[in-house]
Amino acid sequence: MTATAPPKAASGRPDSLRLLLNNTLATAGLIVLGVIVLIALAAPILPLPDPNVTAPADRLLPVGTPGHLLGTDALGRDMLSRLIWGSQISLAVGVAAMLIAAFFGSLIGLVAGYARGRVDNILMRGIDMMQAFPYILLALAIVAVLGPGLLNALYAIAVINIPFFARNVRGVAIGYARREFVDAARLSGKSHAQILFGEILPNVMPVIVIAMSTTVGWMILETAGLSFLGLGAQPPQADLGSMLGEGRKILFTSPHVSVIPGLTIFAVVMSINLLGDGVRDVLDPRLRSGALARPGARTKVDRDDVPAQPAASDTDVLQVRDLRTEFRIGSSVYKAVGGIDLDIRQGECVGLVGESGSGKSVSAMSIMGLVPTPPGAIRGGAAYLKGEDLFAADDERIRGLRGNAVSHVFQDPLSTLHPLFSVGDQLIEAIRVHQPLGRAAARDKAIDLLKRVRIPNPEERLKAYPHELSGGIRQRICIAMALANDATLLIADEPTTALDVTVQAQVLSLLDKLRREHSTAILFITHDFGVVSAICDRIAVMYAGRIVETGPTAEILASPAHPYTSKLIDCVPVLGQPERRLDAIAGRPPVVNNLPPGCAFAERCPKAEDDCRTAPVPMFARGPERAVRCLHPMDDTDADT
């Protein structure tokens, strides 16, 4: 009997419209702008009088006059008709000017950012010359040369906004022009035009769209300003700016003639700007991922109950009980950590092992509240650092513990270190944040730290920037920063993955030596059992957000109890055993927003039976320090085969 595949779950990520409507101000802007645009587009079919027909006998009629809902102007022309037709003209001119400025400005920015060198200098110096003049004076000069008129005002507004697009696009294009995918396209034989418009432009397009959505309102306002001065729309043609200019002379006697177009300009510009902010959020990749707000400085803790604090001894550094961390993305809930227990003693190194996506890093970051909220949140459990409940501590206390009692070493040292500050500045800052030392004393301690992690010529290394150092030296510097304040607990999140084998061995030896000399507890996150065997005293194997086996390293490596642990060990080559078969684990881990009711590994497990799929599997003790989450654990015969 073949098992039927479960129906594909709908994506919980919000679509563009839903993300836009989540922004209340952007929604209000969309509604107001939509109403104005619809009314303006419907002008030809609405029962409106001719906006240019004068009626001196009906001049300056007040608002609410029968037949003239918004009154009349100084020549007796209907204000409502002129307002609707004028809005159509102002919107059309503003959008047209925006498109012209976006096209030429983006083209200049793309070419300058991609070509660099002399082409970049020539183009950008021309842009600098345009920006040397106040934009409104430049617009007035252009109109003065071309002559008054709405079309000439459009050209003037478009020209003075070209530098805005050019500079924004150039700055982004420079970053993409030296990326690996552009080098690959060049090596494949693509022309400069194909690379520019096929590779770089799609990546720059969000910046262009954001710039367009946020500047069209100002272009409408600038066009209205020229018309207000008599340089835009010419009589009898009306746009919002010319209507405002015509009413300024009678502002005190008939204020409605100027107030009504002024309020319309305000409504149009504000609605476009609010909508532009919403468009920016829609194009923000992080917000598109489902987080409908920007993350805070600490993970949100929203737990219904607190587990009873376990008995702690003087050697217990960290005790984690029933930790549950979830990500809410749209309508989906991803249970990244589904309730784990973990203990680390003083001077002990515990390895947290599992495939990518098993929840190792999220578990480690949850301890000190480093998971971004939203979309992440701690939904249950507790983490006790020497008996103190970290989830109950206030933000000030957590800031004091970060980098002090608890330090992190992350996988990529180049992204961890700040590229614009020297190594010395960053080390000294890490020391002085938590210790009342002067800069000279902190510098001396930084030199001692570099010596501790075996970096040669430490005085000169302090002056170097991260990009000037090798990967191994950068990782040693990150370890030195983690040890700057004599941390009680060091969380190392795959610190050797990006390093070559020789440097990896040196870093592992360094961590092992430092924790033995200073009795530092280490939580070492990895997916490599070869690394685990070199440094860890105990192992916790993690799968689909839960720990499935734990125990002393030597015992687990010799006789794994969980089939998943056995499969992970089988993936590691052993020196001196060339005939040993390396087996990949069949299938893929389950998605944590749709976990099965029973064992999460059952679909990939060769020993799974029907009872494995019916109900959650608890942890079973297999000795003083060993436990396994399995109904049919491995035995010695299974391990041998």
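Helices here are DSSP runs of H or I with at least four residues, strands are runs of E with at least two, and both are numbered from the N terminus. This is a predicted model, where local features need pLDDT of at least 70, side-chain atom pairs count only at pLDDT 80 or more, and totals for chains, interfaces and linings use all residues. Residues are numbered from 1 along each chain as its sequence is written, and side-chain values use heavy atoms, leaving out hydrogens and water.

**View A. Helix 5 and its end.** Helix 5 runs over residues 135-146, and its 12 residues reach 17 Å from first C-alpha to last, close to the 16 Å expected (1.5 Å times one less than the number of residues). Just after helix 5, Gly147 takes a positive phi of about 100°.

View B. Leu138, Ala139, Ile142 and Val143 are the buried residues of helix 5 (buried is under 20% relative accessible area, exposed over 50%, partly exposed in between, with a 1.4 Å probe and protein chains only). They cover an arc of only 135° around the axis, so they sit on the same side of helix 5; the arc is taken from the directions from the helix axis to the C-beta atoms. Among what covers them are helix 4 (117-131), helix 6 (150-177) and helix 8 (192-228). On the face turned away from the buried side, you'll find the exposed residues Leu137, Ala144 and Val145.

**View C. Leu427 in the largest nonpolar core.** A nonpolar core is a set of buried Ala, Val, Leu, Ile, Met, Phe, Trp, Tyr and Cys residues joined through side-chain atoms within 4.5 Å. The largest one has 54 residues, and Leu427, Ile477, Ile479, Phe524, Phe529 and Tyr564 touch the most other members. Leaving aside residues up to four places away in sequence, Leu427 touches Ala446, Leu449, Leu450, Leu462, Ala480 and Met481 (a contact is heavy atoms within 4.5 Å).

**View D. Tyr543 meets Tyr564.** Tyr543 and Tyr564 make a tilted aromatic pair, 4.6 Å centre to centre with 55° between the planes. Rings of Phe, Tyr and Trp (its six-membered ring) pair if their centres lie within 6.5 Å; planes under 30 degrees apart are stacked, over 60 edge-to-face, and the rest tilted. Tyr543 lies in strand 10 (residues 538-543) and Tyr564 in helix 22 (residues 563-570), so the pair ties together parts 21 residues apart in sequence. Tyr543 is buried at 3% relative accessible area, and Tyr564 is buried too, at 0%. Ring pairs also bring in Phe601, making a cluster with Tyr543 and Tyr564.
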